[in-house]
Amino acid sequence: MLDWIERLSDSISEVINSSLGPVADFLEGYVWAWPESAPLLAIILLGTGLYVTVRLAFIQLKGFRHAIAITRGVYDDPKDAGDLDHFQALTTALSATVGIGNIAGVAIAIRLGGPGALFWMWVTAFFGMALKYSECTLAVKYRKLNVDGSVSGGPMYYIEKGLGRGWKWMAVTFAALALVASFGGGCMNQSNTLAGQVEAHFGIPTIYSAIVFSAIVGMVIIGGIRRIGRVTSILAPGMAAAYVLAAMYILAVNYTEIPNGFALIFKNAFAPEPLVGGAAGSFLMTLMWGIRRGLFSNEAGQGSAPIAHATAKTDEPVREGLVASLEPFIDTLVICTMTGLVIVMTGAYKEKVEQTVALSEVEAVYQIDAGDPQLVELREEREAADERTIDIVDGRPVGATLFYLASVLEDARIEDRTGSAWTGRVAVEPEDGTLSIVEGANRASVVGVGLLIGAPLTAQGFKHGLPGNWGNYVVTIAVVLFAVSTGISWSYYGDRATEYLFGSRAIPVYRWIFIVFFFLGSILPLSAVWTYGDVALGLMSLPNLIALVLLSGSVAAMTAQYFSRKHVPFRDRGKGDAT
Amino acid sequence: MSETLYTTILVPTDLSPPSMDAVRHAARLADRIGSRVILTYVMEDKLPAMILAHTTDTEEQLLDRHREHARKALVDVATDLLPGHEVDCIVRQGADHEEIVALAREIGADLIVMGMHGHGFLVHALAGSTTERVLHHAPCPVLVVGQH
């Protein structure tokens with residue numbers, strides 16, 4: 001039975017990976033790497049952030065203290081329309097935002113972009129605070145009030161109502177892309193990391209996590225079992241705090257290393273050293289990975305958080321915007337920084353560890369003993385080579401070296417399911433060097449010593465810094481809680497997009513599809529899932545960023561109008577209207 | 001046969017512009033033939049998991065608040081568009097077409113007046129409209145007021 005389930009999950013993941021993978025890779029080239037010398041999306045994202053920051057006269061600095069007072073509930077009026085008070089709306093949006101991006105995402109950025117990527121994550125967060133402010137102010141201003149006092153809001157509503165009927169196509173485009181994206185970043189990426197980390201830590205095959213955690217999320221969003229959602233919403237922020245404390249402990253113990261850590265991050269931000277493992281360091285690579293993972297983590301400018309903030313119980317849009325502007329601060333400047341410093345200061349990012357990688361995830365080149373390999377040249381040779389297969393004798397690839405995400409897998413051997421050496425022949429895909437079995441038993445994977453990536457890399461850093469096996473536990477528990485709570489919140493974003501596009505009757509159908517994707521995310525390979533997620537998030541940002549530029553005048557006017565008034569805490573208002 | 005053709009008119013509304021046209025039409029009808037008008041709004045009976053996870057109110061408290069809010073909204077419509085009429089305002093919870101049909105039976109409505117919703121063709125193809133569903137199951141004639 002178990003064997004049968006595992007084989008089924010293998011075939012599902014293979015079919016999806018081979019059909020979805022190339023499409024996602026192709027789109028990725030346009031969304032995140034076109035034109036190659038100055039990727040458009042990065043320029044638009046940073047440009048809009050800078051523009052809005054200047055136009056709003058550095059609202060993220062000016063409004064910071066007032067934002068904290070609002071979040072503390074000083075100005076809450078229970079009679080205002082909406083379902084959640086300021087603090088609840090913030091924790092809701094944070095539950096969607098603080099996810100595995102803060103743990104696995106940072107590790108991916110540093111592994112693929114070098115330590116300097118963290119600097120660019122900070123930059124997206126700083127400008128992101130002004131973007132978040134703008135989008136959430138607009139979300140409350142242009143939200144739709146339902147007959148029963150509940151509200152629906154988000155970019156689709158502020159595009160349609162703020163820019164006018166002529167822009168409805170862009171509102172629909174946004175909602176459609178948000179719908180697609182809700183299956184990626186907020187769903188498959190979460191379950192993928194969750195299942196991967198549970199497997200790395202407890203040795204539990206991903207298919208079991210897929211079943212258990214899809215069922216849990218399903219019980220909340222389809223079954224309406226409130227208690228699980230409630231428990232997650234209480235545990236997740238607690239876990240975030242515990243995670244930050246654990247990281248701060250590591251930093252405190254290694255305080256002499258802190259200046260070096262920062263120096264490394266700043267230096268590599270502009271002049272990256274060649275990445276460990278052979279790939280040449282490049283400024284663009286560092287910049288792009290910083291921005292990509294920054295956007296993925298704090299979601300500023302992406303248009304997702306406004307959907308949660310629109311439900312806030314307030315009649316002052318600016319207040320909700322200010323509350324929301326705290327998100328990139330908490331998410332990226334605090335939590336991601338902790339993760340990043342731990343990874344950099346403990347040296348975990350350049351440490352080689354034995355790990356298992358799927359055949360479809362490795363990259364083979366035709367050369368033995370690649371001592372100081374120049375991967376780019378080896379790739380050209382591979383594409384030009386006549387050879388298309390590699391013999392595997394007693395687990396060892398003959399005449400080839402294997403890489404995992406551009407870094408060498410040392411002492412690589414191919415093993416079958418039971419862990420014994422595999423013999424046979426594999427075909428090499430000339431373009432990307434991935435392997436597939438031609439002759440031999442039909443299940444094999446690669447075991448080798450190489451650089452870690454994702455949540456396991458973060459766990460490695462924490463393991464160095466904390467006594468015993470605590471590091472692993474902190475990271476694994478955080479990953480599980482963040483992934484589940486982010487999944488629940490993102491399903492709400494998809495709900496609203498579905499409602500906008502198809503009406504409320506389509507919502508139950510959407511929720512079932514969401515659970516199917518949550519399940520699939522757990523069993524699909526890491527790179528396919530993250531590529532899909534990145535493409536979808538990048539695409540949904542575009543219409544939102546355009547709207548933020550076009551509506552920036554309206555936001556500036558609302559801001560000026562708000563700050564020209566005096567604001568009295570609710571409890572100090574006239575006795576007559578207090579409840 | 002009773003003196004008036006339509007004694008009790010049920011008018012479901014979600015306060016959207018098309019449904020307000022229906023309310024206006026029902027008002028004219030009621031003026032002319034002296035019928036009793038019942039305004040109804042059907043609200044969702046379930047709140048999204050995300051909201052429930054993060055609020056400190058109970059689901060009942062939230063739903064009560066929504067119900068009260070909706071009832072007030074209906075009363076406002078009645079005062080505006082049906083002055084001088086005796087109007088009942090009823091808020092129901094559940095799937096809209098089922099509740100409308102059930103209510104029509106309960107109160108013995110002999111006419112339902114409602115608007116045609118202005119969704120795009122995609123929504124229409126996938127889900128149909130509430131009006132269409134009511135049309136299929138209503139215990140009495142249904143007068144559909146199009147957008148003019």
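Two strands are said to pair if DSSP finds at least two bridges between them, where strands (E, at least two residues) and helices (H or I, at least four) are DSSP runs numbered from the N terminus. This is a predicted model, in which local features need pLDDT of at least 70 and side-chain atom pairs count only at pLDDT 80 or more, while totals for chains, interfaces and linings use all residues. Residues are numbered from 1 along each chain as its sequence is written, chains are lettered from A and ligands numbered from 1 in the order in which they are written, and side-chain values use heavy atoms, leaving out hydrogens and water.

Next, select residues 155-163 and 168-182 of chain A, which are helix 8 and helix 9; their axes (lines fitted to C-alpha atoms over the stretch in contact) come within 8 Å and cross at roughly 175 degrees. Angles over 145 degrees count as roughly antiparallel, and helix 8 and helix 9 of chain A are therefore roughly antiparallel to each other.

Finally, select A:Cys336, which counts as buried (under 20% relative accessible area, with a 1.4 Å probe and protein chains only) because its relative accessibility is 0%. A disulfide is a pair of cysteine sulfur atoms within 2.5 Å, and the closest cysteine sulfur to that of A:Cys336, in A:Cys136, is 18 Å away, too far for a bond. Over all chains, the count comes to 0 disulfides.

Methods. Axes fitted to C-alpha atoms, helices over the stretch in contact; angles between N-to-C directions. Parallel < 35°, antiparallel > 145°, perpendicular 65-115°, else oblique. Buried < 20%, exposed > 50% of the residue type's maximum accessible area, 1.4 Å probe, protein only.
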